[in-house]
Amino acid sequence: MSGTLYAAISGLNAEQALLGVVSQNIANVNTTGYKSSNMSFAQTMEQTLSGGTSPTATLGGTNPEQLSAGAAVGIGAVDVNMSQGSLQTTGIKTNMAISGHGFFVIKTPTGYAYSRSGDFTLDAQGQLVNPQGYFVMGWTAQNGKLTGETAGNIAPITIQPDMTMLPSATTTMTVTGNLNASLATPAGTSNTTSRTVPVTVYDSLGNPVTLNVTFSDPQATTNNGVSWTVNVTDPPSTTSLGSGTVTFNSNGSIASGSTVTVQLTTTDGSTSPQQITLNLQGLTSDVASTSLSGTADGYPQGTLANYTIGSNGVITGTFSNGQTQPIAQVALANFNNDAGLVNIGNSLWQQSANSGTAKIGQPASGGFGSIASGALEESNVSLANQFVSMIMAQQGYQANAKVISVDQALDTTLVNTIAP
């Protein structure tokens, strides 16, 4: 009867192990990024009472006879379900969820770990960290540009609250609109008509300078077009910084003189002289009323005012000067076998011999999932499935316990029968 007891005991242990897996899943139903586990049973090796025989000319073959020699069942495997959980909006922009494949790369005191939980915050130094204070890894922009993002140059992501953007000197100023062609006089005659548009440019230190672009002396041309004299000054000075003539065809389009070179001289310690190209390609000259506007590239120094995180993991800063530029990009890792990762707690995983080597890459490219900012990935635990598994474990446990009770009753009967 001992074989029956051992078989039933192994069944009790296996069902209890299943209940343990189910209880762990249920306990973590609200754990961010948690991946549920599934346990399967496996039959243990049996004692062979007789081997099978092959058929002969006079006798058919027989099947082998096997019987449990003790433990009848054990844990076959505990597999991790790596399917994606639902994404839940939090509104906290440093929270991130991965839609698709990939893991966040986390730097711990002992090395790299990987996580699907994007419950990140900024610490006192502006470093992006997980709830344990471990660093979230990615690439830092250099001079406002992300270049050369490889696995070998990932580093902790930092978003400094007092981050500044360096100024950019103006290289191109543009004037658009229409100059009224009806104001033109015959060639060679005096014409005091002029139109001026102010344009703000920036020197290499980011200091603004307002230049006046003046169009004057409109003259009729031989092809029924109009020519205007262009002059750029730095008021109140009337000294020309650059001048030229822009000529229009009879249909109002530019025939020549679409650009003027401007030399700006400064005394504030910025780069001087500063060469600026005045672009007039957006101008026309017909009988419509005059309407001009001017713009220029370049900008002053700015401080970080806000930031956003895109689906490609790029953290883009918005600065007080109205400009935007990349600050950093979040890195993701992929594995050939996600289920082969080792769970080390705190929603972190480590690489194992059967997971394959981590492949580091950029979100939303090359098979990596995209980033949902302001959201978290919920656990992928299905409570309905867990309740079914819990009932199955309970029923299995009761059945094995009943086998022990019946075996005990049989033993008692046998002892009472042979007792003197």
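Guide: A nonpolar core is a set of buried Ala, Val, Leu, Ile, Met, Phe, Trp, Tyr and Cys residues joined through side-chain atoms within 4.5 Å. With that in hand, and bearing in mind that this is a predicted model, we can begin with the largest nonpolar core, which has 25 residues, and in which Val 175, Leu 211, Val 213, Phe 215, Leu 278 and Leu 280 touch the most other members. At least two residues of this core come from each of β14 (172-178), β15 (194-202), β16 (208-220), β17 (226-233), β18 (240-248), β20 (259-264) and β21 (274-279). Another core, of 24 residues, lies apart from it and includes Ile 106, Leu 128, Val 136 and Leu 332.

Visitor: What makes Ser 37 count as buried?

Guide: Its relative accessible area is 12%, and buried means under 20%, so Ser 37 is classed as buried. Ser 37 is found in strand β1 (residues 37-43), and, leaving aside neighbours within four places in sequence, Ser 37 is in contact with Val 21, Asn 25, Val 78, Asp 79 and Val 80.

Visitor: Why is the contact between Lys 35 and Glu 377 called a salt bridge?

Guide: The closest N and O atoms of Lys 35 and Glu 377 are 2.6 Å apart, and the criterion asks for a side-chain nitrogen of Lys or Arg within 4 Å of a carboxyl oxygen of Asp or Glu, so the pair of Lys 35 and Glu 377 qualifies as a salt bridge.

Visitor: How many salt bridges does a search of the whole structure find, and what does Arg 116 meet in a salt bridge?

Guide: The search finds two salt bridges. The side chain of Arg 116 meets that of Glu 377 at 2.9 Å, N to O. Arg 116 lies in the loop between β8 (111-115) and β9 (121-122) and Glu 377 in strand β32, so this pair ties together parts that are 261 residues apart in sequence. Through shared partners, salt bridges join Lys 35, Arg 116 and Glu 377 into one network.

Visitor: Why are β15 and β19 described as standing at the edges?

Guide: The open sheet of five strands runs in the order β15-β16-β17-β18-β19, with antiparallel pairing. In this sheet β15 and β19 (254-256) each have a single partner strand, so one side of each is left without a neighbour in the sheet. From one strand to the next the twist averages 30°.

Conventions. Residues numbered from 1 in each chain as written. Predicted model: local features only at pLDDT ≥ 70, side-chain atom pairs only at ≥ 80, totals over all residues. Heavy atoms only, no water. Buried < 20%, exposed > 50% of the residue type's maximum accessible area, 1.4 Å probe, protein only. Helix = DSSP H or I, 4+ residues; strand = E, 2+ residues; numbered from the N terminus. Contact = heavy atoms within 4.5 Å. Pairing = 2+ DSSP bridges. Axes fitted to C-alpha atoms, helices over the stretch in contact; angles between N-to-C directions.
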